[in-house]
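This report looks at a disulfide and at a helix, together with their surroundings. The sequence and structure come first.

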Amino acid sequence: MADPASERLQQNAERIMQLWEERARAEISASLHHDSLVLQNSLPHYLDFLVTELSTTIDRTPARINADKVESDRIGRKHGRERAGYADYSITQLIFEYHILRQVVFQVLEEDVPLTPRERDIIIGSIEQAVNDAATQFSQTLSEIQELFMVTLTHDLKNPLNVVRMGTQLMLRRLERGDTQFDVAARMIGALDRLDGMIQNLLDASRLRAGQSLKLTFEHCDLHQLLQEVVEDLKFAYADRFVLVSEVAVETRCDRKELRRVIENIATNAVKYGASDTPITIALQHTAKTIRITIHNEGQPISPEAQSILFQQFRRTTTAGEQKGWGLGLFLAKSLVEAHQGTIEVESAEGKGTSFIITLPIVPPDTTQPESNQIENG
């Protein structure tokens, strides 16, 4: 004989969905923008599944239990996937939909006869699992949508940016140093480079948030030479503020482009946030096993509270003031340093300025190192 709760649910499924929709429209703002078919989505299928869960006539063999779990997961994920496709839905609203559904199911099924403890446990456990499945899929789908958006946006921005850069570089070649127009063109190229860096940071941060890895290509690196090149480029933009303290070649394996990006990011931060008209020192030291790169600037120290969030994405300290940026540079710098099996830390104190210290292992040139690392979102 069929379980009474299973029968009552089957008989009242349409009424449950009607009551659920009325409450959803009254309590969930995003629901107002969708018709009944779109709003109810996969929930009627879920009620059909719950009918079988409550039934006492079905033989609960291991195969049946596994099939039910697969079906529950499919329905919950379908609901989460569809909700993620609506710009007005949040994960909080998604979860609240299930809370309303649970309340309505209990309300209808207990109108005449109280549910047994077994029946209540089945309903609660089933809806909790459905919430987990839907929320997991919602987050995954939203991440995929955001990644597609970021890739499309950055691609569309880079094309006109490259056209402007090429035109400015052609202008620069026809001018001589000292000309007013030369200085303007040089500043334009510097601004374009910073904008290009911001776009790349946004794209890479989006990839990391989606759980993807950044592709690193390791090769032989002379870090003394690499730092010389960085300092020469920085001097072009910031005159003679940068001082390199390094005397001998330090050879290892690294991704030259990405390590240069880390150093340039920290160095330009030193210009933005350090005391103006004071030197910024980039120092290279090494032992038999480790390399230490220190970027030091004078100025107001970074508070311990600010240091605690310094390497988090989309977080900017209160001292950032009017400076422009995504709040991604140091997050990506940390991720890239860790991909080199290194560490990055900050030391900052009153009267001593601020130092960012990058510590890397020395990897002999003949050592094989993986070309890509899975950089975790830390």
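## The disulfide

C221 has 0% relative accessibility and therefore counts as buried, a label that means under 20% relative accessible area with a 1.4 Å probe and protein chains only. C254, at 1% relative accessibility, counts as buried too. This is a predicted model, in which local features need pLDDT of at least 70 and side-chain atom pairs count only at pLDDT 80 or more, while totals for chains, interfaces and linings use all residues. Residues are numbered from 1 along each chain as its sequence is written, and side-chain values use heavy atoms, with hydrogens and water left out.

C221 and C254 form a disulfide with their sulfur atoms 2.1 Å apart, the term being a pair of cysteine sulfur atoms within 2.5 Å. The pair links distant parts of the chain, since C221 lies in strand β2 and C254 in strand β4, 33 residues apart. The link is left-handed, with -100° about the S-S bond, and the structure holds one disulfide.

## Helix α8

Helices (H or I, at least four residues) and strands (E, at least two) are DSSP runs, numbered from the N terminus. The buried residues of α8 are L223, H224, L226, L227, V230, V231 and L234. Seen down the helix axis, these buried residues fall within an arc of 155°, taken from the directions from the axis to the C-beta atoms, so they line one face of α8. They pack against several elements, including β2 (219–222), β4 (251–254) and α9 (256–273), where contact means heavy atoms within 4.5 Å.

Just after α8, A239 takes a positive phi of about 60°.

Methods: Buried < 20%, exposed > 50% of the residue type's maximum accessible area, 1.4 Å probe, protein only.
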